[in-house]
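Dear colleague,

Please find below the sequence and the structure that I promised to hand over. My notes on what was found follow directly after them.

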Amino acid sequence: MTENVKTNFFSQAWLVLLLAICFGAMLAGMQIALGPTIEANKVNETLERVPEMVFGADRARELADREQAVDVTPLTVGVDKAGKTVRYSVFEAKTDGQLAGWVTKTAGQGYADKIEMLIGFDPQVEKITGIFVLDQKETPGLGNKIVTDEWRSQFVAKSTGQSLAAVKGKAKAGNEIDAITGATISSKAVTDIINTAVVDLREPLITKAKGM
Amino acid sequence: MADQPTSLERFVQGILPENPVFRQLLGLCPTLAVTNNMKSAITMTGAVLFVLFCANVITSLIRNLLKPHLRIVIFTLTIATFVTIADRFLAAYLYQMSKTLGPYIPLIIVNCIIICRCEVCASKQGVITAGADAIGQSIGFGIALSAIAAVREILGTGMFFEIRVLPAAWPDWVVMVLPPGAFLTFGLLIGLVNWYEGFRAQKAGKIEG
C-alpha cells in the first residue's frame, strides 16, 4: 500500500519536478549570460555622470572629445552620526593625476518615494558643481521637474558654507533655490538631501583632499 | 474537440471580438499603470507577447501530460520563468525602460490574460493554434494599451512617442498622466467599444428582422 502511494506520488508530480529543473537551469543560464551586463548597467549609470557632475556638461563633453581621460575611483566614506555609521558611496574624479572633484551618490525621502541623486563638489568641497537625479517617482508634470536641466542648473556653484533653502517665488539670497511651482515638497526634499550630504561629507572629504 | 475554434479564428478573436482588455477586462493592472506614454505601452506589449507566446506553446506541447489538479502549478511555473527572462533581458538591454516599468514587468506573472489563455486555449489545442492565439491576444492587448497611452500622452504632455505634436500653447492636462487619467481614458474607451458593439448588434438585428 505504501509502495503504491509512493509511485503514485511520483507519477503525479514528475512533470512539475522535471519542468522546475529545466526552467531552473534555463534561468541559471540566463543569469550567467546577462548578470554582468545588468551589473555594468547599474554601475555605468552612475560612472558616466561623474565627469558631467564635476566639470559641467559642456566641459565634460569637451574633455571627452579631446579624449582626455577622467579617472574615477569609487570609494566608500563612513560617517558617524548619532552612534550609527552612515555609508556614502563617493567617486573621486581625477584628470592628469590632479584631483578634480568629488561626486557622491545619496538618497532621501521625496514626496512620493525615495529620490536618488548624485551631487558633485569641487576638490575643497567649497562649492557644488552639479546635481543629477538618478531615480525619482515624483508627481508627473509637477515634482518630476526636479530632473530638468533648467532646475538642476540652479545648484551649480552654490556654496556649501550655508545650507540651501527652496523658496517660493524668486530666490534672492545666495543660498536660495527657486522651488518648482506646485512642487514645494519635492524641491525641499532635494535641498534637504543635499544639505544632509554636505554636512556629513564636508569634513571627511576635505581631510581626504589634504592627504593627497 | 470539433467545436474548438481554428487557429485563424483564435488569432482574429484576440484582436477585437475578444479583446483581452476591452472585451474580457483582463490584465487591467498594466493597462492602468504603464499607459502614460507610448514607449512604456509598447515595451509592455512586447514583454506580454513574449511571455504569452512561450507559455502558450509550452503548455500546448505538454497538454496531454497535464494532470487536472496540477495544471495551475505548471502554468504558473512556466509563466514565471518566461517573465523572469523578459525582466532580466530588459534590465540588460533596455535599462532605462526597465527602471521606468519597475515592478510591472515581474507583475506579468499574475496577469490574468496569460493564465486565461493557457487554460482556455493552450491546454486544449495544438501548438499552432496556441501560438496564433497568443499572437492574436497580444495584438489585442497592444491595441488597447496603445489606444489608452496615445490619448494620455497626447493630452497629458502634448507629445506622442516623446515628439511634440500639439502646439506649445497647449496647456498639458497633467491629470491625464496621473492615475486618474488612466481610469478616465479607460472608462471612456470601454464606453465607446460597448456603444459600437451595441450599434452593430442592432444593425445586424434589423437586417435579420
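Over all chains, the structure holds ten salt bridges, a salt bridge being a side-chain nitrogen of Lys or Arg within 4 Å of a carboxyl oxygen of Asp or Glu. Before the details, please note that this is a predicted model, in which local features need pLDDT of at least 70 and side-chain atom pairs count only at pLDDT 80 or more, while totals for chains, interfaces and linings use all residues. Residues are numbered from 1 along each chain as its sequence is written, chains are lettered from A and ligands numbered from 1 in the order in which they are written, and side-chain values use heavy atoms, with hydrogens and water left out.

Salt bridges

As background, side chains of opposite charge can pair when their charged atoms come close. In chain A, Glu39(A) forms a salt bridge with Lys42(A), and the closest N and O atoms are 3.8 Å apart. Because the two residues are three apart in helix α1 of chain A, about one helical turn separates Glu39(A) from Lys42(A); helices (H or I, at least four residues) and strands (E, at least two) are DSSP runs, numbered from the N terminus. Glu39(A) counts as partly exposed at 46% relative accessibility, and Lys42(A) is likewise partly exposed, at 40%, where buried means under 20% relative accessible area, exposed over 50%, and partly exposed in between (1.4 Å probe, protein chains only).

In chain B, Glu162(B) forms a salt bridge with Lys39(B), with 3.3 Å between the closest N and O atoms. Glu162(B) lies in the loop between β1 (159–160) and β2 (163–164) of chain B, whereas Lys39(B) lies in helix α3 (residues 38–61) of chain B, so the pair ties together parts that are 123 residues apart in sequence. Glu162(B) is partly exposed, with a relative accessible area of 49%, and Lys39(B) is partly exposed, with 36%.

The side chains of Glu119(B) and Arg71(B) also meet in a salt bridge, at 2.8 Å from N to O. This pair links distant parts of the chain, with Glu119(B) in helix α6 (residues 112–122) and Arg71(B) in helix α4 (residues 71–93) of chain B, 48 residues apart. Glu119(B) is partly exposed, at 25%, and Arg71(B) is partly exposed, at 28%.

Strands of chain A

Two strands pair if DSSP finds at least two bridges between them. Strand β3 (residues 98–109) of chain A is joined to β4(A) by eight bridges and the two run antiparallel, forming a hairpin with four residues between them. Strand β4 (residues 114–121) of chain A is in turn joined to β5(A) by six bridges, again running antiparallel. Ile119(A) in β4(A) stands opposite Thr104(A), and the bridge partner of Ile119(A) in β5(A) is Ile131(A). Elsewhere in this pairing, Glu116(A) stands opposite Asp135(A) in β5(A).

In the hairpin of β4(A) and β5(A), which has six residues between the strands, Val125(A) takes a positive phi near 55 degrees. As for burial, six of the eight residues of β4(A) are buried, and seven of the eight residues of strand β5 (residues 128–135) of chain A are buried, so β5(A) is largely enclosed by the rest of the structure.

The largest pocket

A pocket is an open set of points on a 1 Å grid over the protein atoms alone, with protein on both sides within 12 Å along at least five of seven lines, and lining residues have an atom within 4 Å of a point. About 1900 Å³ of space lies in the largest pocket, a volume being the space filled by probe spheres set on the points, which are joined across faces, edges and corners. The largest pocket is lined by 49 residues, of which Gln136(A), Pro140(A), Asn144(A), Asn37(B) and Thr100(B) lie nearest its centre. The largest share of this lining, five residues, comes from α5(B). The lining residues divide into 20 nonpolar, 13 polar and 16 charged, where Ala, Val, Leu, Ile, Met, Phe, Trp, Tyr, Cys and Pro count as nonpolar, Asp, Glu, Lys and Arg as charged, and the others, Gly among them, as polar.

With best wishes

How values were computed: On a 1 Å grid over the protein atoms alone, a cavity is a set of points where a 1.4 Å probe fits but cannot get out, and a pocket is an open set with protein on both sides within 12 Å along at least five of seven lines; lining residues have an atom within 4 Å of a point.
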